Amino acid sequence: MRPLPRSLDPLPDEALTGYVLRLAHLLGTSPGAVAIRTGLTGGRKENALFRIPMRLLHDLEYEQARLFARTTRLSPGEVGRLLASSLAGRYGPLNSRFTLRSSAARMINDNAWLLTRTPRYCPQCLTGDGSEIQRRHGGAWRLFWRLPPVFACPRHRRLLRIDCPACRRPVHAVEMNSIIARPWDEDLHPTQCRSTSTPRTVGRLQPACGAQLAESVGVVPETVSDPQTLEHLLGLQRRLLRLLDPVGPVVTPSVGWLIPAADYFADLRALLGLVFLSWPAARSFAATPALAEALDREAEERLARAAALRDRPGKKHSSRPFTDPPLDPFLMGAVLGIAERLLGAPDEEQARELMLPLIHQASRVDQALSIYLRREAWVSFPLRIVSMNRPKNMMAMGDIIACGPIPRGGGSGARSEGYRRREPW
């Protein structure tokens, strides 16, 4: 394949989906045509007629990456940074240590901790930075917006949006297993809503919503009415973004240890499930009454969904209401704030004291799921030591907890790499 006549430089933290949308707009063609022309679909039009495969959001095969780099005039490093796999070193739910899946397709299939079907977004970020290229084609659809723990934009002091202000549907909602909705529409700007405005009728595709998602300069954004709650959520988001940043801190405190960032996000995932499964045992850890009240309603709805799934025949998936992250940014920030507070205990004994009521309540609701959330391949070793009952073949906690790395043999499958005891202040 020959290089395209014109191309674009990726924007910082831009996702592959946003890059393809901007490149299509530059070339005056559809995202589907760009996908074929750049080798993303293997060059066969029938493969992209209705979809651009979802697995491409996470990673590209070697030949796909080579062709895409050649046709777009990008370096291999620039292509790699467009993909969710580039976040695996920092983000546990995409790391094979904590999500044991062998391929890009399996890594994202049924992985609720990557937003594959619709991203969150900041309307002011989509407006761009005022440069000519972003004035024409919009700002970046950020890769971080595909991660559930990214729920706010500290720069613009607002929560991200998940829906379109016009059609009230999730933006870019796909009807098929595709990373870009309506890939053959040529007349949509990269910052317009691509959701289908009305349900599909037999033999006919309804028009796209087309509402502008970027907000003009001077528009007062929707925000949280309670200033204390907003400050808490923005502070939490800043801390999480620092851990996701490729040049951010290599390790972070957790239950009295310093652990890698990827492990920390795996621990947040596990504690989110534990919080919902044990609610209201964790209610007192909510930072503000507004956050606690929102989680009251959410936990009640999740418990009802789980009960309905348990009553149906066949495969039940009754754990999903407890373990899936909320799409709503406010709720996501609320539950992650509790998880962060639990992990922020200064030592193992205090962490265990905080978590035991949650663990006991979760075990009463669903003992198997409670244990599953704390299993070896799901959380960091320090959190597992704190949250699991001590098996006979495991060293006593007082013997394991010592300055320096975890001793080898300190439990089944103990990983010493990257963990060390946090020094007292």
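**Close-up views of a predicted model**

View 1. For context, most residues other than glycine have a negative phi. The protein to which this segment belongs contains 16 helices and 5 strands, and 54% of its 425 residues count as buried.

View 2. R168 is found in the loop that runs between strand β2 (158-159) and helix α9 (227-244). The phi of R168 is near 65°, which is again a positive value in a residue other than glycine. With a relative accessible area of 55%, over the 50% cut-off, R168 is classed as exposed.

View 3. The peptide bond from W279 to P280 is cis, and its omega is near 15°. Most peptide bonds, by contrast, are trans. P280 is found in the loop that connects α10 (261-278) with α11.

**View 4. The crossing of α11 and α13.** Helix α11 (residues 289-311) and helix α13 (residues 329-343) have axes that come within 9 Å and cross at roughly 105°. That angle makes α11 roughly perpendicular to α13. The residues that meet here are A290, L291, A294, L295 and E298 on the α11 side, and F330, L331, A334, V335 and I338 on the α13 side. As a guide to reading such a set of positions, an α-helix has 3.6 residues a turn, so residues three or four places apart point the same way.

**View 5. The kinked helix α14.** Helix α14 (residues 348-372) has 25 residues, yet its end C-alpha atoms are only 21 Å apart, whereas a straight helix would reach 36 Å at 1.5 Å a residue. A kink of about 130°, centred on D366, is found in α14. At the N-terminal end, α14 is capped by D347, of which a side-chain oxygen lies 3.2 Å from the backbone nitrogen of E349.

View 6. T323 has its place in helix α12 (residues 320-323). At 14% relative accessibility, T323 counts as buried, because the cut-off for that class is under 20%.

**View 7. T116, a buried loop residue.** T116 lies in the loop between α6 (104-108) and α7 (123-127). The relative accessible area of T116 is 13%, and T116 is therefore buried. Leaving aside neighbours within four places in sequence, T116 is in contact with M54, L57, I108 and R146. T116 and M54 are 62 residues apart in sequence, but their C-alpha atoms are 7.2 Å apart in space. For the protein as a whole, among contacts between residues at least 6 apart in sequence, 67% join residues at least 24 apart.

Key
Residues numbered from 1 in each chain as written. Predicted model: local features only at pLDDT ≥ 70, side-chain atom pairs only at ≥ 80, totals over all residues. Heavy atoms only, no water. Helix = DSSP H or I, 4+ residues; strand = E, 2+ residues; numbered from the N terminus. Expected span 1.5 Å × (residues − 1). Bend = angle between axes of the 7 residues up to and from the residue. Polar contact = N/O pair within 3.5 Å; in protein donor to acceptor, adjacent residues only side chain to side chain. Axes fitted to C-alpha atoms, helices over the stretch in contact; angles between N-to-C directions. Parallel < 35°, antiparallel > 145°, perpendicular 65-115°, else oblique. Contact = heavy atoms within 4.5 Å. Buried < 20%, exposed > 50% of the residue type's maximum accessible area, 1.4 Å probe, protein only.
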